[in-house]
Amino acid sequence: MMLESEKKMRKVSKIIDGKRVIIKKPELLAPAGNLEKLKVAIRYGADAVFVGGKEFSLRSSASNFSLEDIKEAVAFANQYGAKIHVTCNIILHQDNLQGIEQYLQALDDAGVHAIIVADPYIMSVAKKLNLKLEVHVSTQLSVLNSKAIKFFESLKMDRVVLGREVCVADLKHILEQTDLDIEYFIHGAMCIHYSGRCMLSNYFSRRDANRGGCSQSCRWYYDIYQDDQKINSNGIIPFSMSSKDLALINHIPELIELGVNSFKIEGRMKSLHYIATVVSTYRKLIDDYCQDPDNFKLSDRYYQELLKAANRALCTGFFDDQADNSKQIYNQRDEHPTQEFCARVIGYDQENQMVIIEQRNYFKVGDQIEFFSPKHENIIVPVTKIINEDNESVEIANHPMEILKLPVSVKLEIDDMGRKVI
């Protein structure tokens, strides 16, 4: 057993000119289901983005990336100093073995920073090929303790993505026992089983959860029987195993001080608006804290900003080691934002003070739109006029993807997002 004096202390700050400064800012790792979402994630503050390739990746229903897409993603990320991680996280069956070496070499040649891996064979192949890219142990392997991390360290893995079930006390112990990079989930959907060990989808729908086909059977509704008698009748809601979503927004300062290397956001299948909202909120909180940790005051505004994305009800998951009934969804998906994504900025006419938008959802004259951005604070704009592509004034915007103009006196930036204030 490691003695107290032998614990590895992760130095995250130092005193500069009499002021404590964070010198080990964690990576903010965001999901992306396609190139458009990837570019928004990076513009809104992600240090790295993880994507799924067309091969050897889970989330088969996401718009997974071809090799050409991955090359474009790497080129775009390089412009911002960001990194691309590619999931190669299926559990291989015999018919999945062909082509893995060629695929990994192609990812390396494309400039991918890391692959996220669950199968030991892929780990060994990646290391045997002496690739430049890093090999990260996927959460699919449910790594929950320091001894397992030591094992993967012996295999020359570069990072371990911890299972979502690791509480903060265990996380602290793990970080004291290893110098290996540790990635920790801070936001997104929770698995009702241990990550990577669920077979419900296989049994109920013949879709393999560990080879990219999860049908999310845990989120289905089930009738409940006792002694062959159905007991969820007369208005009693059917049972669901669905968990609330994870949100550790109020624990980010603590996690920064522990020295976690990477904060992971789940959600490759989430919307553009969701990615922009969640990434920008965590980005601002991380930066605000690291700028002046000793005088930082945690405000509720960060949490309230998260609520503007389409989330299920939120909870802290296993963070406090209490995954009890308060973290379960019993009655419905409960997935509704407080504000509705309605516009994406594609230009600004400085001379006429008109913002040019791509319309995403219905709004009308008289509504208010809140524009948010990685470059400025949120701005609420009253809709006093809508000009369509024929330069006609209209009362409503109800044609998705239509290009419109709105009078706005403040210059807005390309890729700013607009939400209708409800």
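Rings of Phe, Tyr and Trp (for Trp, its six-membered ring) form an aromatic pair if their centres lie within 6.5 Å; planes under 30 degrees apart count as stacked, over 60 as edge-to-face and the rest as tilted. By this rule the count is seven aromatic pairs. One of them joins Tyr 289 and Phe 296, an edge-to-face pair at 5.3 Å centre to centre with 80° between the planes.

The model is predicted, so local features need pLDDT of at least 70 and side-chain atom pairs count only at pLDDT 80 or more, while totals for chains, interfaces and linings use all residues. Residues are numbered from 1 along each chain as its sequence is written, and side-chain values use heavy atoms, with hydrogens and water left out.

Phe 204, Trp 220 and Tyr 222 form one aromatic cluster.

A charge sits over a ring if NZ of Lys or CZ of Arg is within 6 Å of the ring centre and within 35 degrees of the ring normal. Arg 301 lies over the face of Tyr 302, at 4.5 Å from the ring centre. Arg 419 has its charged end over the ring of Phe 372, 3.7 Å from the centre.

With a disulfide defined as a pair of cysteine sulfur atoms within 2.5 Å, the structure holds zero disulfides. Cys 218 is in none, and the nearest cysteine sulfur, that of Cys 191, is 6.1 Å away.

Buried means under 20% relative accessible area, exposed over 50%, and partly exposed in between (1.4 Å probe, protein chains only).

| Residue | Relative accessible area |
|---|---|
| Tyr 289 | 7%, buried |
| Phe 296 | 16%, buried |
| Cys 218 | 13%, buried |
| Cys 342 | 0%, buried |
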